[in-house]
Amino acid sequence: MNDSSEKITAHDKISNSRYNRVAIALHWLLAMGLIYQLSLGIWMDGVPKTPPGLRADWFNWHKSVGMVLGLLIVLRVLWRLTHASPALPRTMPRWQQRGASLSHALLYGCMVVMPLSGFLGSSFTKYPIKFFGMPLPRLWEANPDLKALCGSVHTGASYLFMLLIALHVAAALMHLLRRDGVFSRMWPASQPVQTVGTPG
């Protein structure tokens with residue numbers, strides 16, 4: 001084997017240790033959209049039912065934004081399933097690697113469950129779902145019990161997601177302070193820190 005086949009250029013190292021541009025763009029676009037949506041969901045629970053239509057307008061807006069985010073989540077999940085994640089630094093302890101894998105799986109699970117349960121819950125009400133003011137066809141008859149079930153799942157997944165976001169941000173800040181290359185994997189236009197060693 002010749003020397004050229006054994007060498008890995010600095011560019012290759014950087015490319016292999018970072019997410020690609022599509023993954024980074026989807027990550028930050030969804031991060032902003034989901035934080036907005038969660039904040040809106042908490043805030044609009046306090047919107048009064050009078051004057052008539054005010055509360056409904058905000059809920060319809062929340063549902064419309066949720067459907068857009070749902071489509072972006074489907075795209076992100078498909079991209080994740082067809083593109084491997086960059087390897088974590090070898091200096092990162094195994095328990096942290098396993099914790100990262102579990103937390104990411106739970107984050108993806110919540111991202112799927114939240115819009116799906118929200119849409120299904122709305123579809124079981126007696127009111128039509130409106131996509132930015134345009135009524136969508138009714139899928140089935142109203143069912144108060146299924147509406148309540150989907151609402152509970154939607155709320156539970158939302159609170160779990162907020163907890164996971166807090167842990168995710170805390171872990172990201174820890175890696176940023178340690179400068180171990182993990183934070184730079186998803187940060188736009190940054191240079192990863194090359195690390196070597198064996199996980200503990």
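**Figure 1. Overall fold of the chain.** Along the sequence, the elements follow the pattern α-α-α-α-α-β-β-α. The secondary structure amounts to six helices and two strands; helices (H or I, at least four residues) and strands (E, at least two) are DSSP runs, numbered from the N terminus. This is a predicted model, in which local features need pLDDT of at least 70 and side-chain atom pairs count only at pLDDT 80 or more, whereas totals for chains, interfaces and linings use all residues. Residues are numbered from 1 along each chain as its sequence is written, and side-chain values use heavy atoms, with hydrogens and water left out.

**Figure 2. The pair of Trp 28 and Trp 187.** The structure holds six aromatic pairs. Rings of Phe, Tyr and Trp (its six-membered ring) pair if their centres lie within 6.5 Å; planes under 30 degrees apart count as stacked, over 60 as edge-to-face and the rest as tilted. The ring centres of Trp 28 and Trp 187 lie 5.3 Å apart with the planes at 90 degrees, so this pair is edge-to-face. The pair links distant parts of the chain: Trp 28 belongs to helix H3 (residues 21–44), while Trp 187 lies in the segment after helix H6 (144–178), 159 residues apart. Trp 28 is partly exposed, with a relative accessible area of 30%, and Trp 187 is also partly exposed, at 39%. Here, buried means under 20% relative accessible area, exposed over 50%, and partly exposed in between (1.4 Å probe, protein chains only).

Figure 3. Phe 131 is partly exposed, its relative accessible area being 28%. Phe 132 is likewise partly exposed, with a value of 45%.

Figure 4. Of the 200 residues in the chain, 29% are buried. Among contacts (heavy atoms within 4.5 Å) between residues at least 6 apart in sequence, 71% join residues at least 24 apart. The average pLDDT, the predictor's confidence in each residue from 0 to 100, is 85 for the chain, and 86% of the residues score at least 70. Over residues 3–15 the pLDDT is below 50, and this stretch has six contacts in the model beyond near neighbours in sequence. Over residues 192–200 the pLDDT stays under 50, and the model has 28 contacts beyond four places in sequence for them.
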